Every structure is written in structure tokens, then in C-alpha cells.
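Open your viewer and switch to a cartoon view.

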Amino acid sequence: MLIVGGPASTRLAREVARLTNCGFVEVEAKRFPDGESYVRLTQDVKGEKTIIVQSTYPPQDVYLIQLFLLVDAASRSGASEVTVVVPYLAYARQDKVFRSNEPVSAEVILRFLKELGVRRIVTVDVHSPEVFRRVGIEYINLSAVKVLARHFLGLGLKGASVFAPDKKASRMAEEASKILGGSYGWFSKQRNRVTGEVSMVLEKGQVKGREILIFDDIISSGGTVMTAAGVLKKAGASRIYAACTHTLMDNKTYRKILDSGVEEIVSTDTIPTFTSKVSVAGLLAEALKNLRDK
Ligand code: R5P
């Protein structure tokens, strides 16, 4: 088995190769003057189970095209099968038609990968796994909840209440609360599809006088976590922390979230950034070892 380090995830891929004891294949990548992408595997992958690690955070479209091109390169080079590890899958939130005449972007991305001959996709806390089933492609959706919760346990948040921004994400909160040894709860959330504005109502959970950890799959504009923090403060929370698997926020958004009353924000390295204090390399390595030994 060989691990290919896509340009978006070279560091993570190297770590996964080290943990799995697999060979690491470097990718040569450049942009042409007109903006088109070029990639090349720096060695043959003939006869090898080939794992391409490439997350698809901003610039999403560039990283997606590089991923498609790498899959083609690996197939042409004679890989016995190609698995793509896409820790953060771009466009996953557009998993249905919300307003008439929209595309289902998540399906489009998966259909491209399937058409290119990808055997399976490994991802982390994908927004909605149903889309893989609809497209009919094998997938492994890993969860970073435990590693994030352990990080907060290490910071002394034992017994904290964990909150999810909506009912769908409450399983993340429940899983984290098992590690932190406190209770969990959730909100109901509405987002205006045109303005993006978020409104939230606390549905269930213990808040008064408690340390709180808000758990979400993604923090992007920060609207969700800031609205949740506002409601929790009003309900008497003592200290509020936020954890997410993937963060797309910039420094300005980070500051705004802290100003809204959140003490600290921690994310994983599915998207490598200044809040990535937890690595998913171990999770990915375990999943890949299982595939290798199959
Ligand atoms: C949405 O359903 C997701 O689970 C997240 O809650 C959302 O993407 C967070 O985005 P933002 O930070 O822009 O509110």
C-alpha cells in the first residue's frame, strides 16, 4: 500500500504513512500561468493499493481538480485500486435542493470520483453520509468526536455539558459527553437560506452554572457558534468552549467568536489551520491498516 500526499494534505499524509508504515509518494504540483492545475506522481504505483490523501478546503475547486487529476494519474500508472482520503469533503453541505433550481453539489463531486474509478472514499465527520449511499460509492466516515473530547478532558473540562447546534448533530454531543462524563443537549436551529442568518432555541440540556462545550462538524462564518454562545450565556453558562472537526474560519471570525463569549475554539487538522490542535492522523491510519490487512 502506498500513501500519496496530495498538495492540500502533504503533512497529514506523511504522518499517516509513518503511522501505517507505508511508502510515501510525493506529488509534484504547479499552476499554469492561466490558472490550470498540474499534478504528477513522483513514482510509479503499479500494482499497489494506492491511497490519495487530499483534503478539499479553500481553495476548494483547485484542491478538488488536483484530486481528480491525481486519481487519474494513479489509475494510469497501474494502481491495483485507488482509495481517496478526503478528510474534509467540500460541497458536502449542499446535499439536497434547498431552493428550487439548485444543484446537489455533494452528489456531483462523488459522481466524478466514482466515474474516475475510485474504489472507496475515507472521510471524517462528513456533513451527511446519506449522499454516499445515494451515489452508490463505498465510504468510511470516521468520527473525530472522541479525539476532540479527549483534548478537552485534558484541558480540565471533566463534567462539562456538551451542546450540539441541532438535533442531527446531537449524536456528536452525546458521544463527547460520554468521554467528558457530563450531560448533553441541543438546540433547534433555523438558517435563512438567503441571508445566512441563524436563529436558535435551546431544546434540551443543563446550562446554569456549568462549563459548556459546543460541538459541531463545521465552523465557517461562526454564526452558529456565536448564536449558541449568546443563548447559553443568557441561560447562565459559566464558561463556554467550542470544538469542531473542520474549521473554515479566518482570524477575524475567530476573534469575533471569542468576543461573543467563547473561551477557546479547537478543531482538527482535516483543515490545517491555527486552531488545529487535534490530529486525525491516528484515526486515518487505523482505518487504512484495516483496509491493508483485508
Ligand atoms: C450546518 O448544518 C453545519 O453543521 C454547521 O453548523 C454549519 O456549517 C456552521 O456554519 P457557520 O459557522 O457558518 O454557522
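Which residue of strand 13 does Ile218 stand opposite? Select Ile218 and look across: its counterpart in strand 13 is His246. Bear in mind that this is a predicted model.

**Stop 1**

Select residues 211-219 for strand 12 and residues 239-247 for strand 13. They run parallel, and eight bridges join them. In general, the strands of a sheet pair through backbone hydrogen bonds, either parallel or antiparallel.

**Stop 2**

Seven strands form it, in the order 11-10-9-12-13-14-15. The sheet is open, and its pairing is mixed. Go to the edges: select 198-204 for strand 11 and 276-278 for strand 15. Each of these edge strands pairs on one side only. Turn the view and follow the twist, which averages 35 degrees from one strand to the next.

Next, select residues 251-259. This is helix 8, and it packs on the sheet. Helix 8 touches strand 12 and strand 14 (262-268). The direction of helix 8 makes about 140 degrees with that of strand 14.

**Stop 3: strand 6**

Move to residues 81-86, which make up strand 6. Is this strand enclosed or open to the outside? Six of its six residues are buried, so strand 6 is largely enclosed by the rest of the structure. Show the side chains. Glu81, Thr83 and Val85 point one way, while Val82, Val84 and Val86 point the other way.

Strand 5 pairs with strand 6 in the parallel sense, over five bridges. Find Ile52: its bridge partner in strand 6 is Val84. To get from strand 5 to strand 6, the chain passes through helix 2 (residues 60-76), and this β-α-β crossover is right-handed.

The chain goes from strand 6 through helix 3 (residues 105-115) to strand 7, in another right-handed β-α-β crossover.

**Stop 4: the cores**

In soluble globular proteins, nonpolar side chains tend to be buried together. Which members of the largest nonpolar core touch the most other members? Select Ile3, Phe152, Leu213, Phe215 and Leu284, from a core of 42 residues. Zoom in on Leu284. Among the residues that Leu284 touches are Leu12, Val16, Val85 and Leu142. Apart from this core lies another, of 38 residues, including Leu41, Ile52, Tyr88 and Ile109.

Notes. Residues are numbered from 1 along each chain as its sequence is written. This is a predicted model: local features need pLDDT of at least 70, side-chain atom pairs count only at pLDDT 80 or more; totals for chains, interfaces and linings use all residues. Side-chain values use heavy atoms; hydrogens and water are left out. A nonpolar core is a set of buried Ala, Val, Leu, Ile, Met, Phe, Trp, Tyr and Cys residues joined through side-chain atoms within 4.5 Å. Buried means under 20% relative accessible area, exposed over 50%, partly exposed in between (1.4 Å probe, protein chains only). Contact means heavy atoms within 4.5 Å. Two strands pair if DSSP finds at least two bridges between them. Helices (H or I, at least four residues) and strands (E, at least two) are DSSP runs, numbered from the N terminus. Axes are lines fitted to C-alpha atoms, for helices over the stretch in contact, and angles run from 0 to 180 degrees between N-to-C directions. A crossover is right-handed if, with the strands pointing away from the viewer, the path from the first strand over the helix to the second runs clockwise. Lists of a residue's contacts leave out its neighbours within four places in sequence.
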